[in-house]
Amino acid sequence: MKAIRRFTVRPVLPPSLRPLSELARNLRWSWHTETRELFHALDPEGRQRPGTDPVQLLGTVTAERLAELAADRRFLRRLTACADDLQDYLAGRRWYQSVDGALPEAVAYFSPEFGITAALPQYSGGLGILAGDHLKAASDLGVPLIGVGLLYRHGYFRQTLSREGWQQEHYPVLDPNELPLELLREDDGSPAQVSLALPGGRRLRSYIWQARVGRVPLLLLDSDVEENGPGERQVTDRLYGGGSEHRLLQEMLLGIGGVRAVRTYCRLTGHPAPEVFHTNEGHAGFLGLERIRELSEEDAGGLDFDSALEAVRAGTVFTTHTPVPAGIDRFDRELVARHFGPDGELPGIDAARVLGLGMESYPGGEPNVFNMAVMGLRLAQRANGVSTLHGGVSREMFAGLWPGFDPDEVPITSVTNGVHAPTWVAPEVFRLGARQIGAQRTEDALTVGGSERWDRVSDIADPAIWDLRRTLREQLVTEVRMRLRASWRQRGAATAELAWIDGVLDPDVLTIGFARRVPSYKRLTLMLRDRDRLMELLLHPERPIQIVVAGKAHPADDSGKRLVQELVRFADDPRVRHRIVFLPDYGMAMAQKLYPGCDIWLNNPLRPLEACGTSGMKAALNGALNLSVLDGWWDEWYEPDFGWSIPTADGTATDEERRDDLEAAALYELLEQRVAPRFYERDEAGVPHRWVEMVRRTLVTLGPKVLAGRMVREYVERLYAPAAHAHRALTPESARGLAEWKTRVREAWPRVAVDHVETGSPTTPANGQAELGGTLALRVRVTLDELAPEDVEVQLVSGRVDESDRIADPLTVPLKPAGGPDLEGRWLYEGPLVLDRTGPFGYTVRILPAHPLLSTHAEMGLIAVPSEATGEAAGVLLR
């Protein structure tokens, strides 16, 4: 019989056990070892899998077991200690409260996915895991963050394999009442809702579910509301599913509905209103439009669109995560126009202005396409990539938004991602650190960070490190065999066929991990390029290797599914199936065993298409060494002490097939000649001291860098604090003034020009030659039209030049007005040009807008430079 209705019956806890409910409802248990172990004690027979959501676990505990625990004084002492620790964590002063300076009262952090714990499957890959780690680190540091996302009733998808190795997707229904969530309610007890207007008089309503991530509330919007029509109820059905309109509605709900949810949450709880809004990738970009609408209302100052735009931009941070245009959501302009037309959302805002924010109106863009990342950049005064290399790639990719500027000057900085150590570090690794420096100091080192090195790791003896590594490898072997057996049963194998699984992997063999999403650029099957050579490595009689692979292809990506099938079929070969395995349904629960248990973490993307790639960071924190292409974070922090770099053939002259051949050969060579020999080079006690020294150096030097605590501190200091300062400076009056000034500058700019540049000095170079230390007296005449000198900055730009006369690593110096306007309306600027570098040297001058409320001179994308006929020495080259 099938039930016609389903609901959750919660246990009634005895008074002495009621703190269990509070502990279960705060997701801090997912990274707090003592709390997890406390909940494991509820289930001594192990009927529930380790890591099970405590909310679900409490629902399975019998009344007899609860009565038994209520009388267990040892258990009650542990419960009291965990409950007291949580209260201290939630209420105590942390890093943020000790920082001097005017930090934001609150920050709203929007992301389409959040990977907090396997018990709340609202993520697909690295973007979501990064967002989850950002929230956890913010909680550890005391940053007053509010997370905002969507609640997907089917999550992403669960992955199984067919007998032939083809990926199959399953979408189990998630009941929010059985998840560690609480419905946000109005004072009268009714569910709080937000609502969006849709064309045709329809409405999209949403509940607001709250997850407590330590100190950070995470608000998740859920469109499965009875008052919605069938189509609207399905808006939050699954992550990254559906067609264009479905995705557009998800992103409108996330951005516009998300701001309304934040306002509702702050109204009901008294939480300070955010001063800074952080858009994690372009999916939430519509949040800026809702904030413009808010500021246009009379009680908020009644700002016009341009003034409200300036006020919104001042307090907005935008993070881009993709180095490839194909990874950005783009919509047909007519679809967007229909949803923001007279009977759609934001009726007080002209749809043409909305479209203007996202259109690719720059050389190389598609004029009829609405680009979410472009809108995100236009709505944010501060933007960043997620590694130093990715920052450079992003400046190149979006340079069209700032015409006339070199990519290096495009105002997109970078904050390299980090990972939340308490989530990803194995308990055994934590305990080793605690024995060395104490539990509290170890916890502080992994959360707050701040030190350049973890030198005390150097004092841990080689045998202790090596024993730890073998323990973790052995745990991984056990986990792999269990998961592999379950996978083969799902593929239709009988128990009698699976005896071979007991011999899969060996806890004494060099173990390599490779797990991630499966787009083509991550090259899941590069290791299969020469299968005979790979087999030789796997089956080497003295120095074998073994490989654990996992990953999901997007449901619509058949090419990615073919890569999975190719890998699975190779791993099914009886000759090597004990040495290489593919584990389906890669997720957080699997990852928390996989990262610690691997000796080597492999990453071989097409450079530079990996924005950051944080999986190798998680492995490194557990003492694994990285073997990776120099891309993302590895390009930034690689040293030979930490692992190996795979040589790349990323020149434009190398075709894709040839490139894969060369890089696969380099991978095999490294494994055969350098990696495996070092692992198996042992002393008489069986300890590979050179290998252990690399593990130690990884932990000492790399460990502090890869922390999410370091990352969030950088966001606070470099982006959030300046954004809050700018937000406070943009009062309604100053926002109007800035908007009017920008309008005046844009109107005058076509007539702003560098008219004449000349030099005159006793040290003027003869025949293009000059001596180091010499000085040129520079005189520049410029036309400013209706602008005044305080509206612009006239800059001298100088430095070494390359073969095409491009100035590399330029030095910019402002010139000073010396007179004007003359009879022709031109202004005179003067300044010295110091010849401070040898070799080919050059200079030019340029005019840029200048205003105290601009974040950079490039912000407006306006620049005036000399023409070919300007002056005797404009852009002169000194060779």
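Visitor: What should I know about the model before I start?

Guide: It is a predicted model, in which local features need pLDDT of at least 70 and side-chain atom pairs count only at pLDDT 80 or more, while totals for chains, interfaces and linings use all residues. Residues are numbered from 1 along each chain as its sequence is written, and side-chain values use heavy atoms, with hydrogens and water left out.

Visitor: How many helices and strands are there in the protein?

Guide: Helices (H or I, at least four residues) and strands (E, at least two) are DSSP runs, numbered from the N terminus. Here you get 28 helices and 28 strands. The radius of gyration is 30 Å, close to the 29 Å from the globule rule for 879 residues, so the protein is as compact as a globular protein of that length. That radius is taken over C-alpha atoms, and the rule is 2.2 Å times the number of residues to the power 0.38.

Visitor: What share of the residues is buried?

Guide: Buried means under 20% relative accessible area, exposed over 50%, and partly exposed in between (1.4 Å probe, protein chains only). In this protein, 57% of the 879 residues are buried.

Visitor: How do I read contacts, say for Asn-417?

Guide: Contact means heavy atoms within 4.5 Å. Asn-417 sits in the loop between strand E14 (413-414) and helix H16 (421-424), and it is buried, at 4% relative accessible area. Leaving aside neighbours within four places in sequence, Asn-417 is in contact with residues including Leu-130, His-321, Cys-612 and Arg-710. Across the protein, residues 24 or more positions apart account for 74% of the contacts with a separation of 6 or more.

Visitor: And Thr-648: buried, partly exposed or exposed?

Guide: Thr-648 counts as partly exposed, at 32% relative accessibility. It is in the loop between strand E20 (643-646) and helix H25 (656-680). Not counting residues up to four places away in sequence, Thr-648 touches Arg-607, Val-629 and Glu-663. Gly-59 is 589 residues from Thr-648 in sequence and 53 Å away in space, C-alpha to C-alpha.

Visitor: How many disulfides does the structure hold?

Guide: A disulfide is a covalent bond between the sulfur atoms of two cysteines. The test here is a pair of cysteine sulfur atoms within 2.5 Å, and the structure holds zero disulfides.
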